[in-house]
Amino acid sequence: MRGKKRRLSERSHVFLFLNTCSLEDLPDVTSGVFDQSKCPGQNIDAVCNVTCSPGLYPDYSDATVCRSVDGKKAEWMVENIHECKDYWNETIMACIRGYNGRVIKDTDNIEDCKDLCVQEQSFICLSVDFGSHNCYLSSRNRHNIDSSNDFFVPCYANEIVYAERIDIAAWSSEVNTCEDGLGYLWSGSLIDLDSCKLICSQTIGCCSLMFKNGLCHLNNCKRTPSNSCNWVYTERIDKFCPIK
């Protein structure tokens with residue numbers, strides 16, 4: 001009888017082992033970590049979240065999930081490379097006028113200018129103009145300047161290029177709305193609301209989003225949400241958008 005109990009105990013131990021992910025096996029994160037204090041458990045469907053270095057944001061998915069496929073040993077799901085980055089839109093031949101917070105001369109290229117923007121301590125740098133080895137840092141971007149007439153495409157000065165940082169924090173409070181298909185830019189499956197926000201931040205023309213049960217909808221407008229439905233709705237407050 002004792003032997004039988006021992007064998008049952010051993011089987012239970014093996015079953016527990018197969019259905020538990022080890023915190024020591026969490027994936028690597030570039031410029032960040034999987035914070036074990038943000039892992040509520042190690043069993044199947046447990047979620048662990050990424051903590052990024054200050055000023056950086058997770059690349060699409062900021063979490064990993066404990067999964068077991070076909071009865072095999074549970075492992076942390078790795079569908080993409082987990083990376084914390086500082087995001088920029090594409091560089092274009094343009095500039096904003098009248099909002100320079102600082103000018104740094106003898107800058108080699110636009111990428112170095114972007115790095116100087118990220119490193120700026122005296123104000124929060126949101127965009128850069130670059131040309132003739134001059135790097136112009138600004139606390140504004142083309143979406144929140146006082147007048148759209150201050151943004152020039154192309155720039156009034158020759159060979160000036162423009163780029164702006166993407167900030168996923170500039171969102172309205174979250175409310176409920178109905179899924180009505182108005183102004184869709186993109187729709188797809190994502191792990192959480194923050195990932196949906198990040199995709200919107202990186203998508204030209206995205207003004208708002210709706211999220212429910214892992215499904216993300218991006219919209220090219222803002223709207224007056226209804227409180228009768230269970231889609232989460234939030235909109236960007238760092239840019240001007242049409243309201244429909």
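**Rings and sulfur links**

Reply: Searching the whole structure turns up two aromatic pairs. This is a predicted model, where local features need pLDDT of at least 70, side-chain atom pairs count only at pLDDT 80 or more, and totals for chains, interfaces and linings use all residues. Residues are numbered from 1 along each chain as its sequence is written, and side-chain values use heavy atoms, with hydrogens and water left out.

Me: What makes an aromatic pair?

Reply: Rings of Phe, Tyr and Trp (its six-membered ring) pair if their centres lie within 6.5 Å; planes under 30 degrees apart are stacked, over 60 edge-to-face, and the rest tilted. Take phenylalanine 151 and tyrosine 162. Their ring centres are 5.3 Å apart and their planes meet at 65°, so this pair is edge-to-face.

Me: Where do phenylalanine 151 and tyrosine 162 lie?

Reply: Helices (H or I, at least four residues) and strands (E, at least two) are DSSP runs, numbered from the N terminus. Phenylalanine 151 is in strand 11 (residues 151–152) and tyrosine 162 in strand 12 (residues 161–164), so the pair ties together parts eleven residues apart in sequence.

Me: Are phenylalanine 151 and tyrosine 162 buried or exposed?

Reply: Buried means under 20% relative accessible area, exposed over 50%, and partly exposed in between (1.4 Å probe, protein chains only). Phenylalanine 151 and tyrosine 162 are both buried.

Me: What about phenylalanine 152 and tyrosine 156?

Reply: Their ring centres are 5.1 Å apart with planes at 80°, so this pair is edge-to-face. Phenylalanine 152 has 21% relative accessibility, so it counts as partly exposed.

Me: Which charged end sits over the ring of tyrosine 156?

Reply: A charge sits over a ring if NZ of Lys or CZ of Arg is within 6 Å of the ring centre and within 35 degrees of the ring normal. Here it is the charged end of arginine 97, 5.3 Å from the ring centre of tyrosine 156.

Me: How many disulfides are there?

Reply: A disulfide is a covalent bond between the sulfur atoms of two cysteines. The rule asks for a pair of cysteine sulfur atoms within 2.5 Å. The count is six. One of them joins cysteine 95 to cysteine 155, S to S 2.1 Å. Cysteine 95 lies in strand 7 (residues 95–96) and cysteine 155 in the loop between strand 11 and strand 12, so the link ties together parts 60 residues apart in sequence.

Me: How do I read handedness?

Reply: Look at the torsion about the S-S bond. For cysteine 196 and cysteine 216 it is about 75°, so that disulfide is right-handed. For cysteine 200 and cysteine 206 it is about -105°, so that disulfide is left-handed.
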